Amino acid sequence: MSLSGKIALVTGGSRGIGRAICQRISSMGGHVYINYVANPAAAEETRKIIQDAGGRADIICFDVADGEQAQSAIKQIIAEAGSLDVLVNNAGITRDGLMARMKESDWDLVINTNLKGAFLCAKAASKAMVKNRWGRIVNITSVIGFAGNAGQVNYAAAKAGLVGLTKSMAREFASRNITVNGVAPGYIVTDMTSSLSEEIQDKIKAEIPLAALGTPEDVAGAVAYLLGDDGRYVTGQVLHVNGGMYM
């Protein structure tokens, strides 16, 4: 499961699932670039956690939905580190609301960040991977992209779109020894879910066969499998990490 000598970028890597993925990549020997857009303190905390554990990490601020920013940031990483071998498209936002009342701007913002952002980062990062004839790309989708959810048509559409993006990219890049896969988390203990009332959390758990919320580390473990040697023959797939909520 070694990523020794590999350079990785994790978008939205400063908190929650992104932080756990950064830590896991570092524990595998990879040098991690932690992307953030609005919370430098959280990004710095993630870097300190990794460095205190003996790992290598840097911080890079850019908006994944901005093509110029994404391309410039990835060029900077390659210039500094010499390559970019691993990309985890984890950055995502929500702007929930029933479709009949949803603002067009909320639709655009979620699609641009969650789907277009993954496309822009993968397009820029894949150039170095193609040149090196080795690469690993993992897109973090969601159970919502498969099951749907009232009040989240924008989020569900973006996350479902990531699945199609993943499969098409996997076909395009396989000949260059670049695998492209997805991980679809269910309900995971993060800042977002911890703010839910105990009553709502109990209702969610009642819908999950394993009767518990997952942890960011559960998702990071699935990502690690796809990035490591054990996942070398897996591409175009989506691993579901949801406690059996969706099968």
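**Exercise 1. The largest pocket**

How much space lies in the largest pocket? Describe also the lining of the largest pocket by element and by residue class.

*Solution.* The model is a predicted one.

Step 1. The space in the largest pocket comes to about 1400 Å³.

Step 2. Its lining consists of 48 residues, and those nearest the pocket centre are Gly92, Ile93, Thr94, Thr190 and Met192.

Step 3. Two or more lining residues come from each of α1 (16-27), β2 (31-36), α4, α6 (153-173), α7 (191-194) and α9 (216-227). The greatest contribution is that of α1, with 6 residues.

Step 4. By class, the lining of the largest pocket contains 23 nonpolar, 18 polar and 7 charged residues.

**Exercise 2. The cavity**

State how many cavities of 30 Å³ or more the structure holds, and identify which element gives the most to the lining of the largest cavity.

*Solution.*

Step 1. There is 1 cavity of 30 Å³ or more, and the volume of the largest cavity is about 40 Å³.

Step 2. Among the residues that line the largest cavity are Thr11, Val64, Thr113, Asn114, Gly117, Ala118, Ile140 and Lys159.

Step 3. The elements giving two or more residues to this lining are α4 and α6; α4 gives the most, with 4 residues.

Step 4. The class count for the lining of the largest cavity is 5 nonpolar, 6 polar and 1 charged.

**Exercise 3. Helix α4**

Compare the span of helix α4 with the expected value, then locate its kink.

*Solution.*

Step 1. Helix α4 covers residues 104-132, 29 residues in total.

Step 2. From first to last C-alpha, α4 reaches 41 Å, which is close to the 42 Å expected at 1.5 Å a residue.

Step 3. The kink in α4 is centred on lysine 116 and amounts to about 40°.

Step 4. After α4 comes arginine 133, with a positive phi near 55°.

**Exercise 4. The sheet**

Give the order of the strands in the open sheet, and explain why one side of β3 and of β7 is left without a neighbour.

*Solution.*

Step 1. The open sheet has 7 strands, in the order β3-β2-β1-β4-β5-β6-β7, with parallel pairing.

Step 2. β3 (56-61) and β7 (238-241) are at the edges and have a single partner strand each, so one side of each lacks a neighbour in the sheet.

Step 3. On average, neighbouring strands of this sheet are turned by 20° against each other, direction ignored.

Step 4. Within the sheet, β5 (residues 135-140) and β6 (residues 178-185) run parallel and are joined by 6 bridges. Isoleucine 140 has valine 183 in β6 as its bridge partner; Ile140 also lines the largest cavity.

Note on methods: Residues are numbered from 1 along each chain as its sequence is written. This is a predicted model: local features need pLDDT of at least 70, side-chain atom pairs count only at pLDDT 80 or more; totals for chains, interfaces and linings use all residues. Side-chain values use heavy atoms; hydrogens and water are left out. The expected span of a helix is 1.5 Å times one less than its number of residues. The bend at a residue is the angle between axes fitted to the seven residues ending there and the seven starting there. On a 1 Å grid over the protein atoms alone, a cavity is a set of points where a 1.4 Å probe fits but cannot get out, and a pocket is an open set with protein on both sides within 12 Å along at least five of seven lines; lining residues have an atom within 4 Å of a point. Grid points are joined across faces, edges and corners, and a volume is the space filled by probe spheres set on the points. Ala, Val, Leu, Ile, Met, Phe, Trp, Tyr, Cys and Pro count as nonpolar, Asp, Glu, Lys and Arg as charged, and the others, Gly among them, as polar. Two strands pair if DSSP finds at least two bridges between them. Axes are lines fitted to C-alpha atoms, for helices over the stretch in contact, and angles run from 0 to 180 degrees between N-to-C directions.
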